[in-house]
Amino acid sequence: MNAIAQWYYTIHSAIFPRLQHLDGLAPLALRLYLVPVFWMAGTQKIKGIDSTIEWFGNPDWGLGLPAPELLAYLAAYTEAIGALLLLLGLATRWISIPLMITMVVAIFAVHWPHGWAAIADSSSQEVAVRLGAAKDILREHGNYSWLTEKGSFVVLNNGIEFAVTYLVMLFSLLFTGGGRYTSVDYYLSRLFPAR
């Protein structure tokens with residue numbers, strides 16, 4: 001057993017310390033993945049801010065949140081500005097916090113009642129029936145081949161899966177920062193080191 005452990009540590013020591021100078025690539029990948037997610041969410045809210053405010057405040061068909069105007073503006077601009085900061089890797093740890101708060105609100109106010117999955121399991125009988133009915137309607141009344149040439153139809157479950165994934169990614173960025181060599185944060189820390 002000691003020989004296996006020694007062999008493991010020898011290989012580990014030969015490979016992973018050399019990757020240390022590339023450790024900024026992981027935070028960069030997380031940031032670049034999140035940029036379009038938050039940019040689209042934020043700019044869509046901003047473009048339709050009146051509708052966003054209505055959706056945030058209406059308890060019947062919306063979220064029923066208190067102070068919907070304030071929260072709509074905060075969410076929209078946090079997401080849009082957050083996307084730009086993540087793109088640059090500027091104030092990465094700081095912007096991760098309000099973006100995580102936005103994700104927690106989305107998880108509990110929007111997605112929680114729908115369970116985990118973002119897309120419903122099409123092998124489920126109940127989902128398969130709905131999906132089949134939708135396909136039949138589209139085949140009869142729409143251009144089904146054109147509608148499906150870019151991908152198959154699915155039933156959106158709207159569960160917490162994506163929001164939790166983004167939350168975990170932001171949580172990681174809170175601890176790693178923007179990344180060595182790949183973020184403005186890194187170069188600012190080199191130009192202006194802490195005393």
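Analyst: Start with a rule: buried means under 20% relative accessible area, exposed means over 50%, and partly exposed lies in between. Keep in mind that this is a predicted model.

User: Why is aspartate 23 called partly exposed?
Analyst: Its relative accessible area is 37%. That value lies between 20% and 50%, so the label is partly exposed.

User: What makes aspartate 23 and arginine 180 a salt bridge?
Analyst: The cut-off is 4 Å between a side-chain nitrogen of Lys or Arg and a carboxyl oxygen of Asp or Glu. Here the closest N and O atoms are 3.0 Å apart, so the pair counts. Aspartate 23 sits in the loop between α1 and α2, and arginine 180 in the loop between α8 and α9. They are 157 residues apart.

User: How do you know whether glutamate 79 and lysine 45 are buried or exposed?
Analyst: Glutamate 79 has a relative accessible area of 4%, and lysine 45 has 16%. Buried means under 20%, so both are buried. Their side chains meet in a salt bridge, 2.9 Å from N to O. Glutamate 79 lies in helix α4 and lysine 45 in helix α2, so the pair ties together parts 34 residues apart in sequence.

Key:
Residues are numbered from 1 along each chain as its sequence is written. This is a predicted model: local features need pLDDT of at least 70, side-chain atom pairs count only at pLDDT 80 or more; totals for chains, interfaces and linings use all residues. Side-chain values use heavy atoms; hydrogens and water are left out. Helices (H or I, at least four residues) and strands (E, at least two) are DSSP runs, numbered from the N terminus. Buried means under 20% relative accessible area, exposed over 50%, partly exposed in between (1.4 Å probe, protein chains only).
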